[in-house]
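Good morning, and thank you for coming. Please keep the sequence and the structure in view while I speak.

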Amino acid sequence: MRRFLVIVILVALTVIGILLWNEMHPGPIEQASTPAPARNPEAKPAATNAITQQIARGEYLARAGDCTACHTIPTGTLFAGGRAMPTPFGNIYVPNITPDDETGIGRWTADDFYRMMHTGISKDGTLLYPAMPFASYTKVTRKDSDDIFAYLMSVPPVRQKNRPHELRFPFNKRELLVGWRTLYFKEGEFQPDPQQSAQWNRGAYLVEGLGHCAMCHTKVNALGGSRESEAFEGGMIPNQNWYAPSLTSNREAGLGEWSIDEIVDLLQAGVSARGTTYGPMAEVVYNSLQYMNDEDAKAMAVYLKALPQRDSEPPPPSSARLVQPAVMESGRKIYDKQCALCHGSEGKGHPPFLPPLAGNQSITMASPVNSIRMVLNGGYSPGTKRNPRPHGMPPFAHILNDEEAAAVLTYIRVAWNNTGTPVAPAQVNELRKLLPE
Amino acid sequence: MRRIVVAVLCMAAPFMARSQEESVPAFKSFDSIEARVQGCVTCHGQSGQGTNNGYFPRIAGKPAGYLYNQLVAFRDGVRHYPPMNFLVAYLPDAYLREIAEHYARQRPPFAPREATKADTATLERGRMLVTRGDGSKQIPACVDCHGTGLTGMDPGIPGLVGLRPTYIAAQLTRWRVGERHAAEPDCMKRIATRLTEPDVAAVSAFLATLDPPADPSPEKSNLLRMPLACGSQR
């Protein structure tokens, strides 16, 4: 019934969208008003330096935008695409963005590329699925877009045909995207806030634009959209079964109480005195954030720390945190045996090597999903330039049953004045059935 | 029902105790490789000796090149086992090499052998395949590449001693059906596809009856002696 309703709404949106579309249909762009940068810079010695510099800037920005993570498969050639992105609507296959004329973007111009980044419309007029974060990339400046394009044109071209998406009806109809765009897409480059410092504005530009942090840290609804009013307030990441915590709540991943250095450590090194990255955030640090220079990492930290703290919700009352003494005792025993060596008998951890659990927002936040998954599947923080040999936590799925895992999770969420709530064995069981990813 | 569970637990208790010792975290310094590889211990044991827990293989003393190849293959999704794929997904080459070399250096004692349920004919077939091969099917002997003591060969061929029959049978089967691969030319694939299902069971059962060697170190690389070209030996 719910699905039927969704389809009806989508069809209605499509009709409205198509009407709007006809008003402002852009069609394919005419060829090359801005010529593509030279493929072989050595051919023109005079221009080499400027172009090389532009390519280097583009590479840095492409890292900031984490293009590699999606457009390259681990054993494949850089940017040749082909990676499957599971979505609630079926698999999307990421395209080849190497400068191959036939199968890549070799015939694109800097204008085409900017239009795609800015509007989510491909060179041939196709509407892109929002798996491509154009709702964030629209904020990228023309100059940065041109630099990224110059870099992409400098990598070796790979002849590899794009694999068609495997989306279910009706989501395989791109016309639906017209409706989606009407609801959820706001086009426009980043506008600096004159009330704020240059550093804050740089951070905002990176977080809201290339960093596309909102793709995970803003809740995604049943139509695959998210609302600006809920920006950075957290949500489950579709198809990954990880919870992306709110960046605006100090009860989750809000950074209001963190020092700038601690935030920089988390972003660049993947570990900090307050907590460690894991799961999808480890991937972001590994592929993207570890490459940010100190200035940009600091700017992002300044912006993230200053995000409005919208969560006025008090911690759960002590009644919600009541635990049966037997469960608490069982949890404590397991903790002492399996966890205390690394995380300390008082949960203080051994930073920077091993994260504290006492006062760790990742442990105490309302959703226990991430903590349950860490206990079941373990995890390594990412190997980064600043922390190339990270410590790791082993899986306990085969050692602790649902009751035991729930007991130890309950213990770490309420011990040491932590403000979390108890975890039920059924919650553990639900995540145990999933394959780790 | 609960009584049965309790009874089973009582019978299993001595084993569980041992397996827990092997899998409980232990190290001396936080800034050490021992502390860093704690992510491995609940399955592979503190020194890579394996645990009592079903399927997880012994990794101690296997050639560093082999262990490194596996870690890279797990990271890049070339070898499929979701718990491993997940754990090593964001670890750089140099660190994976260090982890591989750490476990290659370990020489923990071998776990006691499991009693085999295989019949004599099966074990005899297994002995033949392991020690002499089957010329009629162009199957070389395991010892030709995995070493006379089956302790493996540097740099890329794993030892087979101390592995449980379930693990060996599962890996050979995965190779047969094309789910597991090695670097081309994939010699193990050529061999595994010549084995029948009973052959796989026979090899796995026989290997599990062997006593651990006095020196579990892998043999030195010897390309001349190998019956097939193997990409992982390059």
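This is a predicted model: local features need pLDDT of at least 70, side-chain atom pairs count only at pLDDT 80 or more; totals for chains, interfaces and linings use all residues.

In what order do the elements of chain B run from the N terminus on? They run α-α-α-α-α-α-α-α-α-α-α.

The domain assignment divides chain B into domain 1, residues 37-108, and domain 2, residues 120-233. The C-alpha centres of these two domains of chain B lie 20 Å apart. Where they touch, domain 1 of chain B contributes 14 residues and domain 2 of chain B contributes 19 residues. What classes of residue are found on the side of domain 1 of chain B that touches domain 2 of chain B? There are 5 nonpolar, 5 polar and 4 charged residues on that side.

I now turn to the contact of the two chains. Chain B gives 29 residues to this contact, and chain A gives 31 residues. On the side of chain B that touches chain A, the elements giving two or more residues are helix H2 (33-36), helix H3 (41-44), helix H5 (82-87) and helix H6 (93-105) of chain B. Which of the elements supplies the largest share of that side? The answer is H5(B), with 4 residues. By class, the side of chain B that touches chain A divides into 19 nonpolar, 6 polar and 4 charged residues.

Let us move to chain A. Its domain assignment gives domain 1 (38-184), domain 2 (198-306) and domain 3 (323-432). Taken over C-alpha atoms, the centres of domain 2 of chain A and domain 3 of chain A are separated by 22 Å. In this pair, 23 residues of domain 2 of chain A are in contact with 21 residues of domain 3 of chain A. On the side of domain 2 of chain A that touches domain 3 of chain A, strand E5 (242-244) and helix H11 (279-287) of chain A each supply at least two residues. The largest share of that side, 4 residues, comes from H11(A).

Helix H8 of chain A covers residues 198-210, which is 13 residues. At 1.5 Å a residue, H8(A) should span 18 Å, and its end C-alpha atoms are 17 Å apart, which agrees. The buried residues in H8(A) include Arg202(A), Tyr205(A), Leu206(A) and Glu208(A). Just after H8(A), His212(A) takes a positive phi of about 35 degrees.

Helix H12 of chain A, residues 294-306, also has 13 residues. From its first C-alpha to its last, H12(A) reaches 18 Å, close to the 18 Å expected at 1.5 Å a residue. Among the buried residues of H12(A) are Asp296(A), Lys298(A), Met300(A) and Tyr303(A). What covers the buried residues of H12(A)? The cover includes H8 and helix H10 (260-268) of chain A.

Finally, I come to the backbone. Most residues other than glycine have a negative phi, and most peptide bonds are trans.

A cis peptide bond joins Phe169(A) and Pro170(A), with omega about 0 degrees. Pro170(A) is placed in the loop between strand E3 (166-167) and helix H7 (176-184) of chain A. The peptide bond from Pro351(A) to Pro352(A) is also cis, and its omega is near 5 degrees. Pro352(A) is found in the loop between helix H13 (325-343) and helix H14 (361-364) of chain A.

The other two places concern phi. Trp416(A) has a positive phi, near 55 degrees, and lies in the loop between helix H16 (402-414) and helix H17 (425-432) of chain A. Asn417(A) has a positive phi near 65 degrees, and its place is in the loop between H16 and H17 of chain A. Is Asn417(A) buried or exposed? Asn417(A) counts as exposed because it has 9 C-beta neighbours inside 10 Å. Trp416(A), with 18 other C-beta atoms within 10 Å, is partly exposed.

Technical notes. Residues are numbered from 1 along each chain as its sequence is written. Chains are lettered from A and ligands numbered from 1 in the order in which they are written. Domain bounds come from an automatic or database domain assignment. Two residues are in contact if their C-beta atoms, placed from the backbone, lie within 7 Å. Ala, Val, Leu, Ile, Met, Phe, Trp, Tyr, Cys and Pro count as nonpolar, Asp, Glu, Lys and Arg as charged, and the others, Gly among them, as polar. The expected span of a helix is 1.5 Å times one less than its number of residues. A residue is buried if 20 or more other C-beta atoms lie within 10 Å of its own, exposed if 12 or fewer, and partly exposed in between; C-beta atoms are placed from the backbone.
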